[in-house]
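The sequence and structure come first.

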Amino acid sequence: MNKLQINPGDTVARIAGATGFAPDTIWSHPDNAQLKDQRDHMDVLAAGDHLTVPDLTVKSLSLVTGKRYRFRLKGVPMRFILQVLDAWGNPRSERSYRLVVDGDPLEGITDENGVLRHFIPNSARTGRLFLDELELELAFGELEPKSTLLGVQQRLSNLGFSCLADAGKMGRDTVLALQRFQRLMGLPETGELDDATRRSLDEHHQQVGLLAQHISSAEPDL
């Protein structure tokens with residue numbers, strides 16, 4: 001049994017793919033119960049977290065000879081989901097795109113909510129998305145937990161309130177981004193990470209359409 005320290009970009013899905021486990025097998029191990037309680041998702045871990053990876057065991061199955069069987073690890077490959085919005089927070093719906101992952105091109109059309117979905121290798125770390133005039137660099141597994149300041153900055157930036165230059169520190173860009181977000185949400189413009197701001201940020205980062213609703217009803221200078 002191994003105790004691994006999580007580095008930036010590490011996810012349970014990626015570790016599972018490298019060690020021969022299904023992601024749920026690792027995540028549901030009793031030694032990971034405390035970490036599981038602290039994190040909202042197995043693939044949103046913080047650098048410095050510790051994850052237990054159990055030893056592999058042999059499993060025997062009774063099968064009929066002369067027939068063909070297919071076995072697949074659940075969670076391998078991993079599923080990548082992304083929603084793409086325009087500058088006004090509206091979904092870029094039914095748009096053709098090209099997604100390049102590890103040099104392999106994947107093509108498709110976003111759905112009515114501007115969402116694209118693809119299975120990608122568990123080992124994938126970076127990609128590039130081409131959609132309309134956009135050319136976006138993607139870092140798979142790099143989203144930090146919402147409880148960390150970097151995780152907050154990533155979520156703000158994903159919603160269009162850029163502040164990643166502060167890189168985990170409460171700098172001027174983060175304060176301004178928080179104030180803009182708070183103004184849009186009708187919250188006190190303190191520039192501080194109070195509980196109400198955290199809840200609203202998490203809600204709008206997860207749910208499709210909420211940000212566009214606020215932007216459409218906001219004052220022109222927002």
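Is Asp132 buried, partly exposed or exposed? With a relative accessible area of 42%, Asp132 is partly exposed. The model behind this value, and behind the rest of the report, is predicted.

## Salt bridge of Arg92 and Asp132

Asp132 has a charged partner: its side chain meets that of Arg92 in a salt bridge, at 3.0 Å from N to O. Arg92 sits in the loop between β3 and β4, and Asp132 in the loop between β7 and β8 (134-139), so the bridge ties together parts that are 40 residues apart in sequence. Arg92 counts as buried, because its relative accessibility is 9%, under the 20% limit for that class.

## Other salt bridges

Across the whole structure, a search finds 11 salt bridges. One of them joins the side chains of Arg39 and Asp49, with an N to O distance of 2.9 Å. Both residues are in the loop between α3 (33-38) and β2 (50-53), so this pair ties together parts that are 10 residues apart in sequence. Arg39 is buried at 13% relative accessibility, and Asp49 is buried as well, with a relative accessible area of 9%.

Arg183 and Glu189 form another salt bridge, in which the closest N and O atoms are 3.2 Å apart. Here Arg183 is partly exposed, with a relative accessible area of 34%, and Glu189 is partly exposed at 43% relative accessibility. Elsewhere, salt bridges with shared partners join Arg92, Arg95, Asp132 and Glu133 into one network.

## Nonpolar core

The largest nonpolar core has 14 residues. Within this core, the residues that touch the most other members are Phe80, Leu99, Leu116, Ile120, Leu129 and Phe140. Two or more core residues come from each of the strands β3 (78-83), β4 (96-101), β6 (115-120) and β7 (126-131). The largest share is that of β4, which gives 3 residues. In soluble globular proteins, nonpolar side chains tend to be buried together.

Which residues does Leu116 touch, leaving out those up to four places away in sequence? Its contacts are Phe80, Ile81, Leu82, Val84, Tyr97, Leu99, Thr110 and Leu129.

## Ile215 in helix α7

Ile215 belongs to helix α7, which covers residues 210-216. At 23% relative accessibility, Ile215 counts as partly exposed, because the buried class needs a value under 20%.

Where sequence neighbours up to four places away are not counted, Ile215 touches Trp88, Gly89 and Leu184. The C-alpha atom of Ile215 is separated by 8.7 Å from that of Asn90, although the two residues are 125 residues apart along the chain.

## Nonpolar surface patch

Leu61, Leu63, Val64 and Tyr69 make a nonpolar surface patch of about 380 Å². Leu63 is partly exposed, with a relative accessible area of 44%.

Conventions:
Residues are numbered from 1 along each chain as its sequence is written. This is a predicted model: local features need pLDDT of at least 70, side-chain atom pairs count only at pLDDT 80 or more; totals for chains, interfaces and linings use all residues. Side-chain values use heavy atoms; hydrogens and water are left out. A nonpolar core is a set of buried Ala, Val, Leu, Ile, Met, Phe, Trp, Tyr and Cys residues joined through side-chain atoms within 4.5 Å. Buried means under 20% relative accessible area, exposed over 50%, partly exposed in between (1.4 Å probe, protein chains only). Helices (H or I, at least four residues) and strands (E, at least two) are DSSP runs, numbered from the N terminus. Contact means heavy atoms within 4.5 Å. A salt bridge is a side-chain nitrogen of Lys or Arg within 4 Å of a carboxyl oxygen of Asp or Glu. Patches are made of residues with over 30% relative accessible area and no salt bridge: like charges are joined within 9 Å, nonpolar side chains (Val, Leu, Ile, Met, Phe, Trp, Tyr) within 5 Å. Accessible areas come from the Shrake-Rupley method with a 1.4 Å probe; for residues, only the protein chains shown count as cover.
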